[in-house]
Every structure is written in structure tokens, then in C-alpha cells.
Amino acid sequence: MGAAYNNGMREEYTQDQITTGEWVRQLANTSWRGWNAFYHTTRWQAKRKDILRRDRKQCRMCRDKGRYTPATTVHHLKHLREYPELALTDDNLISLCSECHEIVHPEKHQCKGFMNEERW
Ligand SMILES: [Zn+2]
Ligand SMILES: [Zn+2]
């Protein structure tokens with residue numbers, strides 16, 4: 001019975017695994033979703049809401065240019081794969097509209113799936 005739980009939805013990690021980002025890596029390695037599995041965790045969903053609230057649901061890059069655009073995405077300034085230890089660090093997260101998100105991800109055009117997941 002117990003083994004059935006090992007499906008990537010399990011979110012019990014040690015404090016150590018969380019601070020080192022090891023839990024994100026482990027999740028990516030064990031889930032069929034790979035790195036996208038992170039975006040489906042309740043931990044990320046809660047953090048994402050926090051960041052949108054912090055940025056008043058406005059795109060930060062547009063705001064820097066004096067424009068007000070609703071944010072649709074919370075972006076990792078240092079990418080998740082290279083810095084999983086910063087996965088949930090406020091300073092590494094920024095609310096963006098989809099247009100600005102395209103600008104910061106020139107690799108998007110080769111990898112649409114990744115982008116769609118980060119939006120959620
Ligand atoms: Zn924008
Ligand atoms: Zn991004």
C-alpha cells in the first residue's frame with residue numbers, strides 16, 4: 001500500500017532538502033512531469049500567490065517603464081534548474097506580464113511547454 005504514495009505528489013521533505021533545493025531536484029528526477037512538477041506543488045502555488053500580492057498583481061518590468069499591466073506569471077530571475085535552492089526565495093521571484101516574460105526567456109521559442117507551466 002505504502003509504495004503507491006511515491007508518485008511525485010508527496011511533499012514531505014527535510015528542512016535540509018528544502019534549503020539546499022534538493023527537494024526540487026528530487027521532484028524533477030522522480031516525477032513524470034520532470035522540472036515542471038515543481039509548478040504543481042502546493043508550496044509553489046502558495047508562494048506564487050504571495051509574490052503576486054507583493055507586486056500588486058502588476059508586471060514589474062512594465063511598472064519600471066511607467067506602464068501598468070496585469071501580471072500573469074511569476075518568474076525566477078535565477079532559473080529553477082540552475083538554482084533550485086532559490087526556488088522559493090522572494091528576492092529571486094518577480095511578477096511579469098506574458099509579453100515581458102517572453103523578453104526574459106529568449107529560449108521560449110524552442111520550449112513552449114516549459115513556459116506554460118511557469119505561468120501556473
Ligand atoms: Zn510587462
Ligand atoms: Zn520565467
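User: Arg56 to start with: is this residue buried or exposed?

Analyst: In this predicted model, Arg56 counts as exposed because 12 other C-beta atoms lie within 10 Å, and a residue with 12 or fewer is classed that way.

User: Where is Arg56, and what is its phi?

Analyst: Arg56 sits in the loop between H3 and H4, just after H3, and its phi is positive, about 55°, although Arg56 is not a glycine. Most residues other than glycine have a negative phi.

User: And Lys57, what is its phi, and why does it count as partly exposed?

Analyst: Lys57 also has a positive phi, near 55°, and is likewise a residue other than glycine; it belongs to the loop between H3 and H4. Lys57 counts as partly exposed because it has 13 C-beta neighbours inside 10 Å, and that class lies between the limits of 12 or fewer for exposed and 20 or more for buried.

User: What about Gln58, which residues does it contact beyond its sequence neighbours?

Analyst: Leaving aside neighbours within four places in sequence, Gln58 is in contact with Arg63, Tyr68, Thr69, Pro70, Ala71 and Ser95. Gln58 lies in the loop between helix H3 (42-54) and helix H4 (60-64), and it is partly exposed because 17 other C-beta atoms lie within 10 Å.

User: How does the span of H3 compare with what its 13 residues should give?

Analyst: The two agree, because at 1.5 Å a residue the 13 residues of H3 should span 18 Å, and the end C-alpha atoms of H3 are 18 Å apart.

User: Stepping back, how many helices and strands are there, and in what order do they run?

Analyst: The protein has 6 helices and 2 strands, which from the N terminus on run α-α-α-α-β-β-α-α. Of the contacts with a separation of 6 or more, 57% are accounted for by residues 24 or more positions apart, and buried residues make up 20% of the 120 residues.

User: How do the two strands pair?

Analyst: Strand S1 (residues 73-76) and S2 pair in the antiparallel sense over 4 bridges, and Thr73 stands opposite Leu96 in S2.

User: Which way do the S2 residues point?

Analyst: Leu93 and Ser95 point one way from S2, while Ile94 and Leu96 point the other way, and all of them are buried.

User: Which residues make up the largest nonpolar core?

Analyst: That core has 9 residues, namely Cys59, Met61, Ala71, Val74, Leu93, Ile94, Leu96, Cys97 and Cys100, and its largest share, 3 residues, comes from S2. Apart from it lies another core, of 8 residues, among them Val24, Phe38, Ala87 and Leu88. As for Ile94, its contacts beyond four places in sequence are Arg60, His75 and Leu77.

User: Over to H2, which of its residues are buried, and why are they on the same side?

Analyst: In helix H2 (residues 22-30), Trp23, Val24 and Leu27 are buried. They are on the same side of H2 because they cover an arc of only 100° around the axis. The buried residues of H2 pack against helix H1 (15-19).

User: And Glu85, where is it and what does it touch?

Analyst: Glu85 is in the loop between S1 and S2, and, not counting residues up to four places away in sequence, it touches Thr19, Thr20 and Gly21. Glu85 and Arg25 are 60 residues apart in sequence and 9.3 Å apart in space, C-alpha to C-alpha. Glu85 is partly exposed because it has 17 other C-beta atoms within 10 Å.

Technical notes:
Residues are numbered from 1 along each chain as its sequence is written. Chains are lettered from A and ligands numbered from 1 in the order in which they are written. This is a predicted model: local features need pLDDT of at least 70, side-chain atom pairs count only at pLDDT 80 or more; totals for chains, interfaces and linings use all residues. Two residues are in contact if their C-beta atoms, placed from the backbone, lie within 7 Å. The expected span of a helix is 1.5 Å times one less than its number of residues. Two strands pair if DSSP finds at least two bridges between them. A nonpolar core is a set of buried Ala, Val, Leu, Ile, Met, Phe, Trp, Tyr and Cys residues joined through C-beta atoms within 7 Å. The arc is that of the directions from the helix axis to the C-beta atoms.
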